[in-house]
Amino acid sequence: MDVFTLAIWVGTLIFLGISLAKDKVKTKQALKMALGMGKGMVVSILSIVFAIGLILTLLPPTEIAAFLSTQSALLATVGGALLGTITLVPAFIAFPLVGTLVNAGVSVVPSVAFLTTLTMVGIVTFPLERKAFGTKFTAIRNGLSFLFAIAIALVMGVMI
Amino acid sequence: MTIIKKIKENLFLVIVALAYIIMFIAKPVMGIESVKSSGYYIKEMLMIMPVIFVLTALLDMWVPKEKITQYLGKDAKAKGVFFSFLVGSISAGPVYAAFPMCVMLHKKGASIRNVVIILSSWAVIKIPMLINEAKFLGLKFMAIRWALTIIAIIIFSWITVKIIKDKDLPGEVLTQAGLHINRDACMGCTLCAKTYPEVFEMENKKALVKPNEALDMEKLGNAIKSCPVKAISYNEEKKL
C-alpha cells in the first residue's frame with residue numbers, strides 16, 4: 001500500500017471517528033450509504049477487473065512494445081494511442097516498459113501517446129463511467145482525452 | 001423478457017464471462033493466466049474502494065452544498081480549477097474510484113468542468129505515478145509530460161463544458177416538478193422504501209413512487225438523503 005492510499009485510509013478513519021462522536025445516527029446513515037454504493041458498483045468493478053486480466057493475457061504489454069518498435073512513426077503513434085485505450089496497465093509496469101522503449105531508440109511520440117492513453121482513456125471503464133455520468137459525457141471526455149493524448153505526444157516529440 | 005433485460009443491463013459482465021468461458025475451453029492455460037493477472041487488480045480494488053465509499057458518504061453527509069459550490073462550482077473559476085487538480089492529484093487508486101466521488105461532488109454543486117478535471121487528473125497526474133515516471137524516464141521527460149497534460153486537461157475540460165450541460169448527466173433530468181426516481185441510477189438497495197414506505201415501494205428490484213396525497217417533508221428528506229446513488233429528486237411545483 002503506497003503512502004497516499006494509506007493517508008486516505010487514516011484520514012477517513014479519523015473523519016469517521018469525529019463523525020461518530022458528533023452524530024451517531026448520521027454516521028450510521030453514511031455507512032449504510034457507503035455500503036449501498038459498494039453494492040451498486042461491485043458487479044461493474046469486478047467485470048472491469050477481470051476484463052483487464054483477460055486483455056493483459058491476450059495483449060501482453062511486452063508484445064505491444066515489440067510491435068510499436070517495428071512500425072513507422074505515424075502508425076506507431078496511432079497504434080500506440082489505440083492500444084493504450086484498450087489496455088490498462090499499472091504504472092509500475094507501464095513506466096519501465098516505456099523506459100526501455102525510449103532507451104531502445106523508439107521515437108518519443110508513439111511512446112508518449114501510448115503512455116498517456118493508457119491511463120486517461122479507458123474502454124474497460126467506459127460502461128461504469130457511462131452509468132455514472134451518462135453516454136454523452138463519457139464519450140466526449142474519453143474522445144477529447146484521446147485526441148489530446150496524441151497532441152501531447154506530438155508536442156513532446158518536438159521538445160525532447 | 002426479464003432475462004433479456006437482465007443481460008442488457010449487465011452486457012459488459014456477460015461479454016467478459018463469455019470471453020472467459022471460451023478461453024477456458026480453447027486455451028485453459030491462458031484462462032488461468034488471465035485470472036492470475038486479474039488478482040493484482042482485485043487487490044488494488046479492495047485496498048481503495050471501501051475507503052472511497054466511506055469517504056464519499058461522509059463528505060456527502062457533512063460538507064454542505066454551499067461549500068462544494070463555493071470551491072468547485074461554476075463561479076469558483078481559477079480557484080475551482082486549482083482545487084480540482086489538487087483533489088485529483090492527491091487521490092489514490094484507479095480512475096473508477098473517482099466515479100462515486102465525482103457523482104457526489106456534482107450533485108452537490110461541482111461544475112462539469114471541475115468534474116472533468118478531477119476525473120482526468122485522478123487518472124494521469126497522481127504523485128506516486130510521477131515519481132515512478134521520473135525514475136524510469138528521467139525528470140525532464142516527466143516534468144514536460146506533466147506540464148503538457150495539465151495544459152491539455154485545462155483546454156479539454158473547457159471544451160467539454162461547451163458541449164455538455166448539467167442536464168446531460170443522469171440524475172440531472174429532474175427539472176420537472178414533483179417527486180422523481182431516476183430508475184437508471186437506482187440499484188435497488190431498498191433504503192428509500194424502508195425510510196418512507198408510504199411513498200416508495202420496490203418493483204422489479206427498482207424503487208417506484210406510489211401514488212400519494214400529502215408528503216411528509218421530513219421523511220421525504222431523509223429518504224432522499226439515504227439514497228446512495230442520489231436517484232431521488234423532489235422539486236416543488238412552481239406556482240406562477
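How many helices and strands does chain B have? In this predicted model, eleven helices and four strands are assigned to chain B. The C-alpha trace of chain B extends over about 65 × 55 × 30 Å along its principal axes. Of the 240 residues in chain B, 39% are buried. Among the contacts in chain B with a separation of 6 or more, 64% are accounted for by residues 24 or more positions apart.

The domain assignment divides chain B into domain 1 (2-47), domain 2 (63-168) and domain 3 (178-235). A distance of 32 Å separates the C-alpha centres of domain 2 of chain B and domain 3 of chain B.

The contact between the chains was then examined. Chain A contributes 68 residues to this contact, and chain B contributes 70 residues. On the side of chain A that touches chain B, at least two residues each are supplied by helix H1 (3-22), helix H2 (24-58), helix H5 (91-103), helix H6 (108-120), helix H7 (126-133) and helix H8 (135-159) of chain A. Of these elements, H2(A) provides the largest share of that side, with 25 residues. By residue class, the side of chain A that touches chain B consists of 44 nonpolar, 17 polar and seven charged residues.

Methods:
Residues numbered from 1 in each chain as written. Chains lettered and ligands numbered in written order. Predicted model: local features only at pLDDT ≥ 70, side-chain atom pairs only at ≥ 80, totals over all residues. Domains from an automatic or database assignment. Contact = placed C-beta atoms within 7 Å. Nonpolar A, V, L, I, M, F, W, Y, C, P; charged D, E, K, R; others polar. Buried ≥ 20, exposed ≤ 12 C-beta atoms within 10 Å, placed from the backbone.
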